[in-house]
Amino acid sequence: TWQVLAIYMVLAASPSEQQALKQACPSCYASQLCNCSSMGLEFIPPGLTGKITVLNLTHNRIKRIQAQDLQQAVNLRALLLQSNEISSIDEDSFQSLEKLELLDLSNNSLAHLSPVWFGHLFSLQHLHLQGNSYRDLGQSSPFSRLRNLSSLHLGNPQFSVIRQGNFEGIEFLHKLWIDGSNLSQYEQGSLKSIKQINHMIINLRNSNIFSEIVRDLVHSVTWLEVAEIKLPVEKKSLVQNSTRPFRIQKITFKEAYFTDQTISRAIVSLKEITSLKELEAINCVLEGKGIWNTTEIARSRQSFVETITIIKVIIQNFHLFFDLKGMESQIKQLKRLTIASSNVFMVPCQLARHFSSLLYLDFHDNLLVNKRLDETICEHSWPSLQTLNLSQNSLKSLELTAKYVSRLPKLNNLDISLNNFGEIPDACEWPKLLKYLNLSSTQIPKVTSCIPGTLEVLDVSGNNLKEFGLQLPFLKELYLTRNQLKMLPGAAPIPNLVSLSIRRNKLNGFSKEEFEGAQVGAVHLSLMECHRSLVVSLICVLVFLLILLLVAVGYKYHVVWYLRMTWAWLRAKRKPKRAPPKDVCYDAFVSYSEKDSEWVENTMVRELEQACPPFRLCLHKRDFVPGKWIVDNIIDSIEKSRKTLFVLSEHFVRSEWCKYELDFSHFRLFDENNDAAILILLEPIQSKAIPKRFCKLRKIMNTKTYLEWPAGQQQQQMFWENLKGALKS
């Protein structure tokens, strides 16, 4: 099984590779999810094993992927390499990754793509190759072996050629994204080999290529999204020599550029795609005044489009835009229309009357005012409309707004939120079938009988309401959030209420009488509003328990010790890491226990200081400056010494005095990977006997060679020679 193989791979990795992996990327050492992002790595860390399933190497400086780098990572499911500097990949680099499902090589420096890279990635579902520097996909298909591929992202600003055969082997894609902003050559039929694409996105500035691509996609793509296109004045048919049925149901234009002339031709051309049901334009620019070739448009075939969405379309001189007279015959089948954030200030009455099938109309975030609304919703306009969104416009009169929308006989859902009405009359005229009304954030100070009694859902959130006492016998949902209410609305006037939202008001309590009448199915109140004193008490108790927990954890894990020594380390960091050569006074600083002083002072010091030439040793008893803080003495002595001698024994690891010297050396020597430490083992000692907080000293005892004091005279002579040699190095 793969678990057994993974264990074998872990054991097979050499200790040195495991150590290198732990140092390069600590999260890889003990986890299946290996996150090495933004660590300044210049190569893939060695020692990767079969236990790793996700490897994140994004935002590093990796330049090359070598064959052996990922050889043992056989259970990898996701490999993220985007935003590096990769320019070279060995042919066998991904050979062992048969379980890989996601490969992201985007935003690197790949100048070409090799089919060999992907030859063994039989499980690959998502491949991201965009943002590199290749100009084409080669002479054949790099993806011919990727039978399970679901999404493919490719292209870059230098990408200029798509050839026939480039996509051979791919039959189905959920998503295909191509950055073809500078695509200059497209061989007809190149995308035809893909039988089905649910969603295709392409950045395309070359208008001539657009038509060729659409002809290849009419039978395969469900949703086509085109960005940055400047539409051509296309004379040829978009479905030339294509047989029905077509597949395209939705086309989206983003950041596209239209003129009066090109939009006229586009309408005629797109009507030829009889499967097309939805058109969308987002962040586009229309250069013109609406002088469209309505004669040609009317002469062309019937449109099958049912939904049009236009968001943030810029028309430079929108106030000069014509009334689109002559387009009446083209809008009769339309069912859903959204024109948002596009400076719409009116729809001519004559045009509005021809939206005979429209069910949904969204004009939110525009420039509609009450005077123009009279023209936009004139008598007999929008005869089938059921849902109308006029939120975030410039409507000022609720009475007039209600009057105009009452002309819509089938309207049951109205959103007029985020308009500044300010006042509310005592009575209003509304559509007879109105069931949903959104009056949130409209600055109304109260509710009156202007609110229609037919409503089932009412939202008056975000106003300045101080009370709510309306008789609404059919109301099922009531939203009163963010008002100034001090008491609940009475239950009797709203007997069918199922859901009540009353958050962020000024309620202090509820009386029994307020709940008389039919039962409220769901009252949405925050815990704070219902049990303020209880919540405050619970918070105080939790804070107290948290403080106790932090104190206990701090005591157990020596947090105070770490804080104190971090402060000393930060102060030491401001100094130079090593004193200038002229300030070095000693050959070695000696760290030892007081209980080992007899051996140190009578044996070691005598042997070294009486040698020829003599060694200069720094001892705390003899050389520390009296009255100076002990940590400063340790810092100065280590900085003025070429080496640091640690005389290790059972006494040493229990000594409070040695603890100070270890404290600083823990930060100063080992944190800088300094190799100036010499370990002398005076007696046998287990590394586990060293306090846990000195983890790096425990580590160095396991990895660094140390000198052991021997019992025999002959071996002792060899010991002194080795020690002197270490001090001289």
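**Entry 1**

I then followed strand β17 (residues 285–287), which is joined to β19 by two bridges and runs parallel to it. Within this pairing, L286 stands opposite I315 in β19.

I checked the burial of strand β8 (residues 151–155). Five of its five residues are buried, so β8 is largely enclosed by the rest of the structure. Buried means under 20% relative accessible area, exposed over 50%, and partly exposed in between (1.4 Å probe, protein chains only). β8 pairs with strand β7 (residues 126–128) in the parallel sense over three bridges, and with strand β10 (residues 172–180), also parallel, over five bridges. I found L152 in both pairings: it is the bridge partner of L127 and stands opposite L176 in β10.

**Entry 2: a nonpolar surface patch**

I recorded a nonpolar patch on the surface made of V541, L542, F544, L545 and L548, with about 500 Å² of accessible area together. Patches consist of residues with over 30% relative accessible area and no salt bridge; like charges are joined within 9 Å and nonpolar side chains (Val, Leu, Ile, Met, Phe, Trp, Tyr) within 5 Å. Accessible areas come from the Shrake-Rupley method with a 1.4 Å probe, and for residues only the protein chains shown count as cover. L542 lies in helix α10 (residues 532–556) and counts as exposed at 56% relative accessibility.

**Entry 3: salt bridges**

I searched the whole structure and found 20 salt bridges, each a side-chain nitrogen of Lys or Arg within 4 Å of a carboxyl oxygen of Asp or Glu. In one of them, K63 and E85 have their closest N and O atoms 3.1 Å apart. This pair links distant parts of the chain, 22 residues apart: K63 is in the loop between β2 (54–56) and β3 (64–65), and E85 in the loop between β4 (78–80) and β5 (88–89). K63 is partly exposed at 44%.

I next examined R407 and D374, whose side chains meet in a salt bridge (2.7 Å, N to O). R407 counts as buried at 18% relative accessibility, whereas D374 counts as partly exposed at 32%.

E609 and R622 also meet in a salt bridge (2.8 Å, N to O). E609 lies in helix α12 (residues 597–609) and R622 in helix α13 (residues 620–623), so the pair ties together parts that are 13 residues apart in sequence. Lastly, I noted a network of salt bridges linking K250, E278 and E280.

**Entry 4: conventions**

Residues are numbered from 1 along each chain as its sequence is written, and side-chain values use heavy atoms, with hydrogens and water left out. Because the model is predicted, local features need pLDDT of at least 70 and side-chain atom pairs count only at pLDDT 80 or more, while totals for chains, interfaces and linings use all residues.

Definitions and conventions:
Pairing = 2+ DSSP bridges. Helix = DSSP H or I, 4+ residues; strand = E, 2+ residues; numbered from the N terminus.
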